[in-house]
Each structure stands twice: as C-alpha cells, then as structure tokens.
Amino acid sequence: METLLFTAELVEEDGTYKLVVQDVVRDTVQITPVPKSAVDKLPTFLSVLSSKLGTTPTRGRR
C-alpha cells in the first residue's frame, strides 16, 4: 500500500519559477523561488539521481 507523504510542483508564472512542496502528513506548504538555470538542469539532475539510486525514472503517478 502506498502512502502519499509529499507532493511537489514546479510552477511558472510570468516568466518566474517556484517550487511548491506540500507535506501531506503535516498539512503544510513551502514555496521556494527557483532560477531558470536550475529548472533547465532538472531533467539531468533527476537522471543522475535515478542512476545513483539504481532506479528507473517513471512518468506519472501509479
């Protein structure tokens, strides 16, 4: 059985980006501005993380 602990969304608004992370257990939300350079590197970062953890990236939620 899966238990959702956190959700994360990367949102673009008027050319600026923010990361919105919701702690589902504690019912809190944190919002952090993210530079475009970090947004551009996100796919690479996720690939590196997956390879280090020995996992295969998945698309969408199960």
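In the predicted model, 3 salt bridges are counted. Side chains of opposite charge can pair when their charged atoms come close. One of the salt bridges joins Glu13 and Lys18, with a separation of 3.6 Å between the closest N and O atoms. Glu13 is partly exposed, at 45% relative accessibility, and Lys18 is also partly exposed, with a relative accessible area of 29%.

A salt bridge also links the side chains of Asp23 and Arg26, at an N to O distance of 2.9 Å. Asp23 has a relative accessibility of 9% and therefore counts as buried, the cut-off for this class being under 20%. Arg26, by contrast, is exposed, with a relative accessible area of 61%.

Lys36 and Asp40 form a further salt bridge, in which the closest N and O atoms lie 2.9 Å apart. Both residues belong to helix α1; because they are 4 residues apart there, about one helical turn separates them. Asp40 is partly exposed at 47% relative accessibility, and for Lys36 the value is likewise 47%, which places Lys36 in the partly exposed class.

The strands of the model were examined next. Strands of a sheet pair through backbone hydrogen bonds, either parallel or antiparallel. Here, 3 strands make up an open sheet in the order β1-β2-β3, and the pairing is antiparallel. The edges of the sheet are formed by β1 (6-13) and β3 (28-34), each of which pairs on one side only. On average, neighbouring strands of the sheet are turned by 20° against each other, direction ignored.

The antiparallel pairing of β1 with β2 (residues 16-23) extends over 8 bridges. Within this part of the sheet, Ala8 has Val21 of β2 as its bridge partner. Glu13, a residue of edge strand β1 (6-13), takes part in the salt bridge with Lys18 described above.

Between β2 and β3, which are also antiparallel, there are 7 bridges. β2 and β3 form a hairpin in which 4 residues lie between the two strands. Asp27, located in the turn, has a positive phi of about 55°.

Helix α1 comprises residues 36-53 and lies across β1, β2 and β3. The helix runs at about 105° to β3. Its residues include Lys36 and Asp40, the partners of the salt bridge with a 2.9 Å separation between the closest N and O atoms.

Note on methods
Residues numbered from 1 in each chain as written. Predicted model: local features only at pLDDT ≥ 70, side-chain atom pairs only at ≥ 80, totals over all residues. Heavy atoms only, no water. Pairing = 2+ DSSP bridges. Axes fitted to C-alpha atoms, helices over the stretch in contact; angles between N-to-C directions. Contact = heavy atoms within 4.5 Å. Salt bridge = Lys/Arg side-chain N within 4 Å of Asp/Glu carboxyl O. Buried < 20%, exposed > 50% of the residue type's maximum accessible area, 1.4 Å probe, protein only.
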